[in-house]
Amino acid sequence: MVEKLEQNKVEKLEQNKKVIFSGIQPSGELTLGNYLGALKNWVKLQHEYDCYFCVVDLHAITVKQEPKDLRRRTLEVMAIYIAAGIDPEKSTIFIQSHVAEHTELAWLLNCYSYVGELNRMTQFKDKSSKYGSSVSAGLLNYPVLMAADILLYQTDLVPVGIDQKQHLELTRDLAERFNNAYSPTFKIPEPYIPEKGAKIMSLQEPEKKMSKSSDNPNSFILIMDPPEVIRKKISRAVTDSLGIVKYSDNQPGVKNLMIILNTLTGESIEAIEKKYEGQGYAKFKEDVAEAIVNELKPIQDKVKNLTTDKAYLESIYKEGAKRASYIANKTLRKVQKKIGFIPVSK
Ligand code: TRP
């Protein structure tokens with residue numbers, strides 16, 4: 001087994017592939033924003049890079065989760081990864097809690113993190129203002145766990161949305177701090193923020209990011225929304241009274257729909273402006289809705305098949321956890337040794 005894993009790793013190194021790590025939390029249903037901003041890009045990246053795509057269930061429990069929903073969503077997120085086109089032969093798909101090294105390294109890194117810098121994270125400030133005095137220590141330490149995720153695999157590049165950039169900077173700070181305190185141990189990762197589709201905005205408040213945690217379901221499209229729901233949500237999407245399909249910051253609603261259409265069909269922004277000239281928004285919105293349905297329907301069908309095939313999903317996450325643990329354990333042992341822990345041979 002170890003030989004096979006080692007061989008796999010050596011092959012990837014020989015091909016000189018850089019390492020990519022990213023993850024999505026199973027804390028809610030995934031949206032079109034997750035799909036266009038993350039998944040669709042991951043699918044392309046897997047040909048060029050040695051990719052680790054994780055379902056970050058340990059992050060999800062920083063806020064309250066219903067056990068049966070967490071279980072269902074964890075498998076569904078995995079199924080969505082596969083249905084969207086991530087190939088488990090090429091990429092390592094795994095569930096974060098299956099690789100104990102994540103929790104272990106997170107503890108170690110916590111001891112090199114300052115409460116002050118964690119307190120300054122904007123995501124923590126936003127969330128803690130929402131949860132008030134019952135905010136968990138896990139939420140404060142969330143970015144340290146994220147740093148552990150990334151650093152365990154000697155990651156080169158981390159595809160994330162702009163909202164996670166600050167967490168990535170903290171990851172780099174922690175890696176440098178540790179490397180300086182001992183000796184080079186961690187690779188310093190770079191953010192990888194795709195220019196297109198990096199941020200799909202809310203359909204109701206297009207100044208805000210499309211978010212599954214919004215109270216208004218009309219503001220987001222879920223990857224698993226049935227076609228009629230998608231059509232309804234797009235027809236209700238907020239636009240403006242100008243009636244011109246134009247890519248402009250003064251028309252954030254229209255701009256967002258144009259980005260969605262452009263990312264899905266590849267039609268250029270100029271071509272889209274031309275196509276709907278003098279036509280108002282009705283036909284434009286219909287076409288946006290159809291483009292989304294065409295893209296998501298086949299994925300939904302695959303997800304439904306996959307989630308009924310528990311044995312297949314299990315075979316994927318088992319193999320993924322084996323591959324991930326092998327690498328993660330190497331890094332963790334190095335870290336333990338440098339800190340001064342007594343090694344125990346296995
Ligand atoms: N914090 C990320 C988010 O909410 C999810 C995440 C956890 C992640 N660990 C990661 C992303 C490591 C990239 C790399 O989007």
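These questions and answers go through a predicted model and ask what its descriptions rest on.

Q: Why is threonine 62 called buried?
A: Its relative accessible area is 13%. Buried means under 20%, so threonine 62, at 13%, is buried. Threonine 62 sits in the loop between helix 3 (57–60) and helix 4 (67–84). Leaving aside residues up to four places away in sequence, it touches Ser136, Gly138, Leu139 and Tyr142.

Q: What makes the pair of histidine 59 and threonine 62 a polar contact?
A: The backbone oxygen of histidine 59 is 2.6 Å from a polar atom of the threonine 62 side chain. The cut-off for a polar contact is within 3.5 Å, and the 2.6 Å of this pair meets that distance.

Q: Which element gives the most residues to the shell around the ligand?
A: Helix 8 does, with four residues. Helix 8 (137–152) and strand 1 (19–24) each supply at least two. The shell divides into seven nonpolar residues, five polar and one charged.

Q: Why is the pair of phenylalanine 21 and tyrosine 153 called stacked?
A: The ring centres are 5.4 Å apart and the planes are at 20°. A pair needs centres within 6.5 Å, and stacked needs planes under 30 degrees apart, so this pair is stacked. Phenylalanine 21 lies in strand 1 and tyrosine 153 in the loop between helix 8 and strand 4 (157–159), so the pair ties together parts that are 132 residues apart in sequence. Phenylalanine 21 and tyrosine 153 are both buried.

Q: What makes the pair of phenylalanine 178 and phenylalanine 186 tilted?
A: Their centres are 5.3 Å apart, with 55° between the planes. Under 30 degrees would be stacked and over 60 edge-to-face, with the rest tilted; at 55°, therefore, the pair is tilted. Phenylalanine 178 and phenylalanine 186 are both buried.

Notes:
Residues are numbered from 1 along each chain as its sequence is written. This is a predicted model: local features need pLDDT of at least 70, side-chain atom pairs count only at pLDDT 80 or more; totals for chains, interfaces and linings use all residues. Side-chain values use heavy atoms; hydrogens and water are left out. Buried means under 20% relative accessible area, exposed over 50%, partly exposed in between (1.4 Å probe, protein chains only). A polar contact is a pair of N or O atoms within 3.5 Å; within protein, one must be able to donate a hydrogen and the other to accept it, and residues adjacent in sequence count only if both atoms are side-chain atoms. Contact means heavy atoms within 4.5 Å. Ala, Val, Leu, Ile, Met, Phe, Trp, Tyr, Cys and Pro count as nonpolar, Asp, Glu, Lys and Arg as charged, and the others, Gly among them, as polar. Rings of Phe, Tyr and Trp (its six-membered ring) pair if their centres lie within 6.5 Å; planes under 30 degrees apart count as stacked, over 60 as edge-to-face and the rest as tilted.
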